Amino acid sequence: MKNRAAEPRRKEIVLQSQSAGSSSNQLQKIRAAVFEQGELMEVFEDEGGSTHMVGNIYRGRVENVLPGMQAAFVDIGLDKNAFLYVGDAIPPRFDEEEKASIIQERIENVLKPRQELLVQVTKEPVGTKGARISVNITLPGRYVVLLPQVSYIGVSRKIQDNNERTRLKDLAAAAKPEGMGVIVRTLAEGIDGDEIKDDIAQLVAYWQALLPKIPHVSVPGLVHKDVDLISRLIRDWIDQDVEKITVDHDEVGKILRKALRDIEHPAAQQVFVVPVKDLFANYGVDDEIRKALRSKVWLKSGGYLVIQQTEALIVIDVNTGKYVGQRSLEETVVHTNLEAAWEIARQLRLRNLGGIIIIDFIDMTTEEARKSVIQALETACARDKTKSQVLGLTQLGLVEMTRKKVGQTLVVRYTSPCPNCDGSGRVRGEL
């Protein structure tokens with residue numbers, strides 16, 4: 001099996017847009033697909049600007065304080081009240097190593113019913129659950145995240161060079177206002193100091209302009225809405241690995257080129273307009289989405305995965321399937337497991353699965369083989385912008401890992417439960 005870790009990260013972004021009407025230039029719906037090495041990795045969409053809530057800031061009112069759950073429900077003006085855990089209801093405190101310390105507080109001592117709060121959505125509402133919120137506001141820029149309410153300096157853990165971490169930390173310390181905090185993002189690695197300072201200055205200016213408006217927003221009410229999909233792509237996704245951006249709408253192409261020129265990104269010269277009716281069909285995006293909605297995923301070798309999702313747990317089973325190998329059973333097993341490790345990381349991103357993940361790789365007889373498969377999984381997951389952690393093997397030989405829940409899963413976005421079988425996918429027999 002070829003060494004996929006050594007391959008350059010060739011990335012392409014495809015944007016398909018739909019106008020509000022035949023005579024209107026206003027874009028009603030935008031979908032974005034991210035490809036790496038020609039494989040679909042992630043899909044995003046905005047429809048009328050209403051589908052993305054993470055990052056939105058609201059004025060809310062505490063409806064219920066629940067000591068038994070150490071949480072509260074807060075009315076922020078959505079269909080369902082938002083969930084506020086006690087740990088998100090108080091500002092973080094940091095020790096000398098700038099790590100957040102555990103604070104022992106009780107929710108009834110922190111919040112009272114009818115209390116008004118300024119909160120930010122950290123997780124989208126899913127199913128019967130409302131949005132998850134925090135009182136700790138963050139404003140993301142391209143190179144930094146501003147923490148306007150707490151004094152702190154941090155650097156992305158994905159930046160591992162100690163000299164670079166020190167440089168970025170010193171830049172952030174010099175540029176941030178007293179009493180505010182900054183987290184330097186992965187995209188800032190190797191970036192000129194002036195660009196980072198400008199990013200901080202823009203975020204500080206935005207926050208200072210927002211502050212006097214907050215008291216005039218009714219409770220519950222929206223104070224700040226996160227940027228649209230195109231702006232989020234520029235801010236979060238268009239890094240130095242992006243070689244090509246393909247769009248189907250002239251207006252989108254102009255917006256992207258201008259924004260990329262403003263940040264002096266070389267991809268400004270690689271924005272191409274392909275005016276076809278269904279650009280996603282040309283790239284097979286919807287076909288890949290349909291495959292990702294199935295539980296069985298075929299590997300190129302003939303092996304396959306079975307992925308099952310519960311409320312808080314993802315279970316993945318690896319099988320050799322049609323693949324019979326060539327020389328030995330151990331070689332067949334290791335080859336299948338290595339291929340599965342990369343495909344699992346891809347499926348987690350494409351399906352946007354999060355929580356506790358248990359993987360049942362095919363049993364391997366040597367410690368060297370087990371280590372190589374876990375290392376391949378860690379390397380593949382390192383390319384994921386969403387935080388994940390591979391914890392290792394259990395006593396039963398299962399691999400444990402976690403992935404942060406961010407936004408809605410592919411299944412929630414593209415399907416609804418069957419009214420006849422209640423989502424079980426099985427027909428009831430005679431009783």
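Which residue does glutamate 116 form a salt bridge with, and how far apart are the closest N and O atoms?

Reply: Glutamate 116 pairs with arginine 59, and their closest N and O atoms are 3.1 Å apart. A salt bridge here is a side-chain nitrogen of Lys or Arg within 4 Å of a carboxyl oxygen of Asp or Glu.

A bit of background before going on. This is a predicted model, where local features need pLDDT of at least 70 and side-chain atom pairs count only at pLDDT 80 or more, while totals for chains, interfaces and linings use all residues. Residues are numbered from 1 along each chain as its sequence is written, and side-chain values use heavy atoms, with hydrogens and water left out.

Back to your pair: it links distant parts of the chain, with glutamate 116 in strand 7 (residues 116–123) and arginine 59 in strand 4 (residues 57–66), 57 residues apart. Strands and helices are DSSP runs numbered from the N terminus: E with at least two residues for strands, H or I with at least four for helices. Glutamate 116 is partly exposed at 42% relative accessible area, whereas arginine 59 counts as buried at 16%. Buried means under 20%, exposed over 50%, and partly exposed in between, using a 1.4 Å probe and protein chains only.

Across the whole structure, the search finds 23 salt bridges. Some sit inside a helix. In helix 2 (residues 162–175), arginine 167 and glutamate 164 are three residues apart, about one turn, and their closest N and O atoms come to 2.9 Å. Arginine 167 is partly exposed at 29%, but glutamate 164 is buried at 13%.

Helix 7 (residues 285–292) has another such pair: glutamate 288 and lysine 291 are separated by about one helical turn because they are three residues apart. Their side chains meet at 3.6 Å, N to O. Glutamate 288 is partly exposed at 22%, and so is lysine 291 at 43%. There's also a network, with Arg185, Asp226, Arg235 and Asp236 joined by salt bridges that share partners.

Now for the bridges between domains. An automatic or database assignment divides the chain into domain 1 (11–50 + 227–286), domain 2 (56–224) and domain 3 (294–414). Where domain 1 meets domain 3, the contact (heavy atoms within 4.5 Å) takes 14 residues from domain 1 and nine from domain 3. Five salt bridges cross that interface. Glutamate 36 forms a salt bridge with arginine 349, again with 3.1 Å between the closest N and O atoms. Glutamate 36 belongs to strand 2 and, at 3% relative accessibility, counts as buried.

On the domain 1 side, the elements giving two or more residues are strand 2 (27–36), strand 3 (39–47) and helix 4 (229–237). Strand 3 gives the most, seven residues. By class, that side has five nonpolar, one polar and eight charged residues. Here Ala, Val, Leu, Ile, Met, Phe, Trp, Tyr, Cys and Pro count as nonpolar, Asp, Glu, Lys and Arg as charged, and the others, Gly among them, as polar.
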